[in-house]
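Please read the following points alongside the sequence and the model.

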Amino acid sequence: MSELPGPGLLRYTAFSADPSGGNPAGVVLDASGMDEAGMLAVAAEVGYSESAFLTGRAEASEPGARGYAIRYFSPKAEVPFCGHATVATALALAERDGPGDLEFATAAGPVPVTVVRRGGELRATLTSVEPHVTDAAAEDVTEALAALDWPATDLDPALPPRIAYAGARHLVLAAASRERLAALSYDFARLEALMHRLDLTTVQLVWRASDTVFHVRDPFPVGGVVEDPATGAAAAAFGAYLRALSLVPETASLTLHQGEDMGRPGTLTVTLRAGDARVRVSGTGTRIPDRAGA
């Protein structure tokens with residue numbers, strides 16, 4: 001791989017303490033001198049599903065929090081919010097400046113993040129913008145299933161299709177079996193076209209293992225990659241989906257396993273609080289040694 005343009009790029013994985021697990025993200029802690037084309041070039045060169053760029057300091061709404069303006073780019077385009085790259089950036093800042101409270105000014109709105117050290121690990125918790133959940137049109141679900149090559153009978157009727165938002169839009173489709181979720185081979189161009197039309201960031205494919213444990217996968221053709229290994233924004237949207245449909249209690253802690261079918265296992269913790277519409281997504285992470293996993 002050629003040398004990346006622009007200021008120093010760090011590589012972190014989010015939602016796993018193993019550099020070979022979770023979801024890798026590029027992180028540029030000082031992108032103040034970069035323009036949009038430069039950020040997109042870095043994201044395309046590094047090739048991860050997203051990279052994050054801190055473009056300067058920003059005023060934080062919470063006293064004592066360190067505020068930063070942030071932008072996110074996939075290899076193909078800018079995205080309004082990315083959970084795993086937010087976690088990766090928070091961990092990079094914590095390693096540089098110490099744990100504590102952060103707030104990122106994103107295109108979707110302010111996203112607070114708290115980083116704590118537990119034993120030898122740093123763990124970050126982001127708080128989403130206020131989410132919302134809307135119906136998915138029957139014809140759009142039919143088109144998504146056709147692109148995925150999923151028969152409608154393979155859906156779990158207890159978790160109906162919806163579009164969920166917690167900083168970015170995701171179509172939630174629930175598989176009736178773990179085997180259905182594992183067998184993912186889809187029409188890239190067809191699903192990409194539908195996602196552009198519906199302004200979706202990913203399709204959140206889920207299988208419910210128990211009341212509070214889920215396995216998830218996220219096709220991401222609009223970002224230029226087949227699948228995202230661990231998707232914080234979709235996890236937040238999915239937490240909002242479960243609450244909106246009264247599928248979990250108002251106060252709940254949920255575990256999402258993602259990346260197993262890609263060989264990059266990661267774990268996301270989703271926390272819901274009664275009286276607070278926002279969703280919290282937590283996970284650990286680690287720096288990827290230079291050129292490892294690139």
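1. Helices (H or I, at least four residues) and strands (E, at least two) are DSSP runs, numbered from the N terminus. Residues are numbered from 1 along each chain as its sequence is written. This is a predicted model, in which local features need pLDDT of at least 70 and side-chain atom pairs count only at pLDDT 80 or more, while totals for chains, interfaces and linings use all residues, and side-chain values use heavy atoms, with hydrogens and water left out.

2. Most residues other than glycine have a negative phi. Phe 15, although not a glycine, has a positive phi of about 75 degrees, and Phe 15 lies in the loop between β1 (10-14) and β2 (23-28). Buried here means under 20% relative accessible area, exposed over 50%, and partly exposed in between (1.4 Å probe, protein chains only); with a relative accessible area of 2%, Phe 15 is buried. Asp 199, in the loop between α5 and β12, also has a positive phi, near 55 degrees, but Asp 199 counts as exposed at 55% relative accessibility.

3. Which residues of helix α3 (residues 138-148) are buried? They are Asp 140, Val 141, Ala 144, Leu 145, Ala 147 and Leu 148. These residues cover an arc of only 160 degrees around the axis, which puts them on the same side of α3; the arc is that of the directions from the helix axis to the C-beta atoms. On the other side of α3, Ala 138, Glu 139 and Thr 142 are exposed. The cover over the buried residues of α3 includes β11 (169-174), α5 (188-198), β12 (202-208) and β13 (213-220), where contact means heavy atoms within 4.5 Å. Asp 149, which follows α3, has a positive phi near 60 degrees.

4. Rings of Phe, Tyr and Trp (its six-membered ring) pair if their centres lie within 6.5 Å, and planes under 30 degrees apart count as stacked, over 60 as edge-to-face and the rest as tilted. By this rule there are 6 aromatic pairs. The rings of Phe 53 and Phe 73 have centres 5.8 Å apart and planes at 85 degrees, so this pair is edge-to-face. Phe 53 lies in strand β3 (residues 50-57) and Phe 73 in strand β4 (residues 66-73), so the pair ties together parts that are 20 residues apart in sequence.

5. Phe 214, Phe 238 and Tyr 241 form one aromatic cluster.
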